[in-house]
Amino acid sequence: MSRVYNFSAGPSMLPEEVLAKAQKEMLEYGQSGMSVMEMSHRSKDFEEIIEGCEALVRELMHVPDNYKVLFLQGGGSSQFAMIPMNLGNKNKKCDTVITGQWAKKATAEAERYLKVNIIASSADKTFSYIPKLDNSTFSKDADYFYICMNNTIYGTKWNTLPDTGNIPLVADISSMVMSEEIDVSKFGLLFAGAQKNLGPAGVTLVIIRDDLIGNAMDICPTMFNYQIHADNKSLYNTPPTYGIYIMKLVMEWIKEKGGVAAVQKINEKKAAILYDYLDSSKLFRGTVAKEDRSLMNVPFVTDDDELNAKFIKEAKEAGFVNLKGHRTVGGMRASIYNAMPVEGVEKLVAFMKKFEDENK
Ligand SMILES: *Cc1c(COP(=O)(O)O)cnc(C)c1O
């Protein structure tokens, strides 16, 4: 077996301990005589899995009691429609900031149902920064204010949240969930597709404040209504059972590491190793405004496309894979989610140094 260092933006690396445990339990989970994949979602064993999964989300993210934790399907992208259909039924209005492709897609979807007021955009500089906002430009009657908190493609993160007062703040945290502490009480709704930091593709975690549930538009499909899923504890229909099980194992792994705060320390260390080198390198440079840098997704370039391609090719041969940047940015991107060990980043930087020496 030869496992590589996988810097994919998603689906991405999972902790090896988690995969090993899943392997061990593949043929028989506990005393059940079957795999989790073969279990009824109404069975006692699965009930314990999904309840344990919810309890871990609540514990690790310190979710207040007046929030529901839901495990849905349809990816982060379905949330782009669910949010306006459920939260935008009062004034049919929301505010947003365009910080990249995912915010753009969410906006296009919301515009099918609502009037979307774009407060600011960082499109002018290829989304390499988070715009500074002027509160006085926010809509007074918006049903919610939407942001993409960590921009997977461009490697920016909102390090200071917009002050929206009583207007619920809604955030896409797909690529940063449980990578650092987040104060859930500051948000009306948080969501994350699991495949970046929590498990395999197929589960979407939604954390929603109670008062935002129960006001869906009439046109809202049953499966897109948060109320249906909240009332049925995410068991209205068959949920992605195996994905939920793996997500639980991933969270047990986070808990064993000391929880989100402890994992955040490790993530800060990993990011610092890479950013410090990028700041000192004469060949490579980061592409993002320093104060807006993501802990999870680190885009970087040399100023020569051929050299970028050469680097990606040689890195792959050396066991560092999926380092190609998004086509809209070019260059490279290292996604260093929770499961990427410190050693993986140290070795990548050592490889980059060697490449820099050889290509002076
Ligand atoms: C990957 C990603 C999405 C899309 O998620 P899907 O599960 O593929 O729909 C949305 N937002 C962000 C920030 C992402 O990184």
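Pro11 sits in the loop between strand S1 (5-6) and H1; helices (H or I, at least four residues) and strands (E, at least two) are DSSP runs, numbered from the N terminus. You're looking at a predicted model, where local features need pLDDT of at least 70, side-chain atom pairs count only at pLDDT 80 or more, and totals for chains, interfaces and linings use all residues. Residues are numbered from 1 along each chain as its sequence is written, and side-chain values use heavy atoms, with hydrogens and water left out.

- Gly10 and Pro11 are joined by a cis peptide bond, with omega at about -10°.
- Lys92 isn't a glycine, yet its phi is positive, at about 55°.
- You'll find Lys92 in the loop between helix H3 (75-87) and strand S3 (93-98).

**The seven-stranded sheet**

- Seven strands make up an open, mixed sheet in the order S2-S10-S9-S8-S5-S3-S4; two strands pair if DSSP finds at least two bridges between them.
- Strand S2 (67-72) and strand S4 (115-121) are at the edges with a single partner strand each, so one side of each has no neighbour in the sheet.
- From one strand to the next, the twist averages 15°.
- Strand S8 (residues 169-172) runs parallel to strand S9 (residues 189-193), and three bridges link the pair.
- Val170 has Leu189 in S9 as its bridge partner.
- Helix H2 (residues 44-61) lies across S2 and strand S10 (204-209), at about 130° to S2. Contact means heavy atoms within 4.5 Å; axes are lines fitted to C-alpha atoms, for helices over the stretch in contact, and angles run from 0 to 180 degrees between N-to-C directions.

**The three-stranded sheet**

- Four bridges hold the antiparallel pairing of strand S12 (residues 297-301) with S14.
- Opposite Phe300 you'll see Met332 in S14.

**Pockets**

- A pocket is an open set of points on a 1 Å grid over the protein atoms alone, where a 1.4 Å probe fits, with protein on both sides within 12 Å along at least five of seven lines; lining residues have an atom within 4 Å of a point.
- The largest pocket comes out at a volume of about 280 Å³, a volume being the space filled by probe spheres set on the points, which are joined across faces, edges and corners.
- It is lined by 19 residues, and Met13, Glu17, Ala339, Met340 and Pro341 are the closest to its centre.
- Helix H1 (16-24) and helix H7 (260-280) each give at least two residues to that lining, and H7 has the largest share, with four.
- By class, the lining of the largest pocket has 12 nonpolar, two polar and five charged residues. Ala, Val, Leu, Ile, Met, Phe, Trp, Tyr, Cys and Pro count as nonpolar, Asp, Glu, Lys and Arg as charged, and the others, Gly among them, as polar.
- The second largest pocket has a volume of about 220 Å³.

**Aromatic pairs**

- The whole structure holds 17 aromatic pairs; rings of Phe, Tyr and Trp (its six-membered ring) pair if their centres lie within 6.5 Å, with planes under 30 degrees apart counted as stacked, over 60 as edge-to-face and the rest as tilted.
- Phe311 and Phe355 are an edge-to-face pair, 5.1 Å centre to centre with 80° between the planes.
- Phe311 belongs to helix H8 (residues 305-317) and Phe355 to helix H9 (residues 342-358), so this pair ties together parts 44 residues apart in sequence.
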